[in-house]
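The following exercises are to be worked through with the sequence and the coordinates at hand. Each task is followed by a stepwise solution.

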Amino acid sequence: MSEIAVRPTAVIVLAAGAGTRMKSRTPKILHTLGGVSMVGHALTAARALDPEHLVAVVRHQREQVAAHIHQQDPGVLLADQDEVPGTGRAVECGLDALRQAGADTGSGTVVVTYGDVPLLTSDLLQELVAEHQSSGNAVTVLTTELEDPTGYGRILRQGDEVTGIVEHKDATDLQRRIPEINSGIYAFEAAALTEALSRVSADNAQGEKYLTDVLSIARDSGRRVSALITEDRWQVEGANDRVQLQALGAELNRRTVTAAMRAGTTVIDPASTWIDATVTLEEDTTILPGTQLHGDTHIARDAVVGPDSTLTDVTVGQGATVTRAHGTGAVIGAGGVVGPYSYLRPGTVLGEDGKIGAFYETKNVTVGRGSKLSHLGYAGDTTIGEYSNIGCGNITANYDGENKHRTIIGSHVRTSSNTVFVAPVEIGDGAYTGAGAVVRKDVPPGALALTVAPQRNAEGWVQAKRPDSAAAQAADDAQNNTNTPTAE
């Protein structure tokens, strides 16, 4: 790939379309794949060109789209497309916004791309700009070849130069056999673009100003129009409906998983593994089947995640294992063990070599080094010290119906099965609780907390209250056997 001689004057991202075929209340370009909106992918690729200006042209559901774009990239200049439809008019509005912002649009390179082409990479855009500048073109169009180009505009050539673009409906039978199609992504010489757009008319059946008209105007002016062909058709594929969005999402995931494996991650079953583009994985991590990694999740070296685990914005420390677990906004320390069937809610921090075991739910919990919440419990709004063991069936009763309160459990604490901590309450270091304890008061260090009530057996209750039951018969049989004298 050639070096870029001069950074582009501007990249204009067209993001004004209604996207009605998506059949959604959400604007088309805000639909996501790989954890990022389509327009988010487009802006990332465009920003990597380091243009002097990055412009997004908006119209449909303008406020929602504009807010999202500025959330993705606060430096984007927004341009509003007016009532005149068409890609040519959209680019014209983008150039007008640049001039109003004081930018010089009379020289340099202007790149035009789209908010619904999510797999387009900065590398390919850089290649397009480099080809455009090194060839001295007025227009360079990005193209690809398809086995079935039905519906796409065909590229007409004379040697290395592009002589025109003919839409499928207007093409002859011979032209329809041309496999090279127009992606709609261009690099323009800024002055040629500005001059040509002033001559583009909306006097056509659709009443639109077509950007493709710029190519013929440039050629008629004696300027060179050429093309860069990419073999990677996915990079120029757009998503107009949910079927196309799913296909692009699957391809993006395939590329993401493949890149992870090449970078040192073992993925046992790529077909059942989904990894967002925003996820980071260190070398020698292992991802087992049925795992989904989303958002800002980070998996450290030697960690094993899966099978059947879903993590969103979760940090997994070195050597930790996460088995059949669901986590959001949590931190799992080095050597930590989670699962199976654990639910880590936001604010969960598991310390080094700690454990959150089977059928445990946690929220806003800090668990110290080496401490274990082994199974069948709930901990919310809790701080647990180091090397404590929380028994089976323990829960923190942190909500009084109006407010939530915190439980503090010290280090080297041992709690027996079915202990309930009624917050706010504090358990001192080295303390114990007895089975079934309901802890309502603070427990001093080293103390044993018991909830003691005398046991009362109502003998004969089953036979009296359930006389015809199997239990009554079993009780009668047991009593008869017990009363039978043993032979000497």
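**Exercise 1.** Does Gly393 count as buried or exposed, and at what relative accessibility? Describe also its place in the chain and its contacts.

*Solution.* The model under study is predicted.

Step 1. Locate the residue: Gly393 sits in the loop that runs between strand S29 (389–390) and S30.

Step 2. Apply the cut-off, under which a residue is buried below 20% relative accessible area. The relative accessibility of Gly393 is 18%, so Gly393 counts as buried.

Step 3. List the contacts beyond four places in sequence: Gly393 touches His375, Leu376, Asn418 and Thr419.

Step 4. Tyr341 is 52 residues from Gly393 in sequence and 15 Å from it in space.

**Exercise 2.** Characterise the largest cavity by volume, lining and residue classes.

*Solution.* Step 1. Search the whole structure with a threshold of 30 Å³ or more; one cavity is found. The largest cavity holds about 40 Å³ of space.

Step 1. Identify the lining. Among the lining residues are Tyr360, Leu373, Tyr378, Asn394, Ile395 and Phe421.

Step 2. Assign the lining to secondary structure. Strand S28 (372–384) and strand S30 (395–397) each contribute at least two residues. The largest share, five residues, belongs to S28.

Step 3. Sort by class: the lining of the largest cavity comprises nine nonpolar residues, three polar residues and no charged ones.

**Exercise 3.** Determine the volume of the second largest pocket and the make-up of its lining.

*Solution.* Step 1. The second largest pocket contains about 390 Å³ of space. It is lined by 25 residues, of which His41, Thr121, Leu252, Thr256 and Ala277 are the closest to its centre.

Step 1. Three elements, helix H1 (38–47), H8 and strand S14 (280–281), each supply at least two lining residues. H8 accounts for the largest share, with five residues.

Step 2. The class count for this pocket is 14 nonpolar, nine polar and two charged residues.

**Exercise 4.** Which residue has a side chain joined to that of Gln235 by a polar contact, and at what distance?

*Solution.* Step 1. Gln235 belongs to the loop between strand S11 (225–229) and helix H8 (242–262).

Step 1. Because its relative accessibility is 9%, Gln235 counts as buried.

Step 2. The partner is Thr121, with a polar contact of 2.7 Å between the two side chains. Thr121 is also one of the residues closest to the centre of the second largest pocket.

Step 3. With residues up to four places away in sequence left out, Gln235 touches Val117, Leu119, Leu120, Thr121, Leu124 and Arg255.

**Exercise 5.** Which residues of helix H6 are buried, and why do they lie on the same side of H6?

*Solution.* Step 1. In helix H6 (residues 190–197), the buried residues are Ala190, Ala192, Leu193, Ala196 and Leu197.

Step 1. They span an arc of only 165° around the axis, and therefore they lie on the same side of H6.

Step 2. The elements that cover these residues include helix H3 (87–100), strand S6 (109–114), strand S10 (180–189) and helix H7 (213–220).

**Exercise 6.** Describe the surroundings of Arg414 and the backbone of Tyr387.

*Solution.* Step 1. Arg414 is part of strand S32 (residues 414–415). Its relative accessibility of 33% makes Arg414 partly exposed.

Step 1. Outside four places in sequence, Arg414 is in contact with Tyr387, Ser388, Asn389, Ala431, Tyr432 and Thr433. The side chain of Arg414 reaches the backbone oxygen of Tyr387 at 2.9 Å.

Step 2. Tyr387 lies in the loop between S28 and S29. The phi angle of Tyr387 is near 55°, a positive value in a residue other than glycine. Tyr387 is partly exposed, at a relative accessible area of 38%.

Note on methods: Residues numbered from 1 in each chain as written. Predicted model: local features only at pLDDT ≥ 70, side-chain atom pairs only at ≥ 80, totals over all residues. Heavy atoms only, no water. 1 Å grid on protein atoms, 1.4 Å probe; cavity = no way out; pocket = protein on both sides within 12 Å on 5 of 7 lines; lining within 4 Å. Points joined across faces, edges and corners; volume = space filled by probe spheres on them. Helix = DSSP H or I, 4+ residues; strand = E, 2+ residues; numbered from the N terminus. Nonpolar A, V, L, I, M, F, W, Y, C, P; charged D, E, K, R; others polar. Buried < 20%, exposed > 50% of the residue type's maximum accessible area, 1.4 Å probe, protein only. Polar contact = N/O pair within 3.5 Å; in protein donor to acceptor, adjacent residues only side chain to side chain. Contact = heavy atoms within 4.5 Å. Arc of directions from axis to C-beta.
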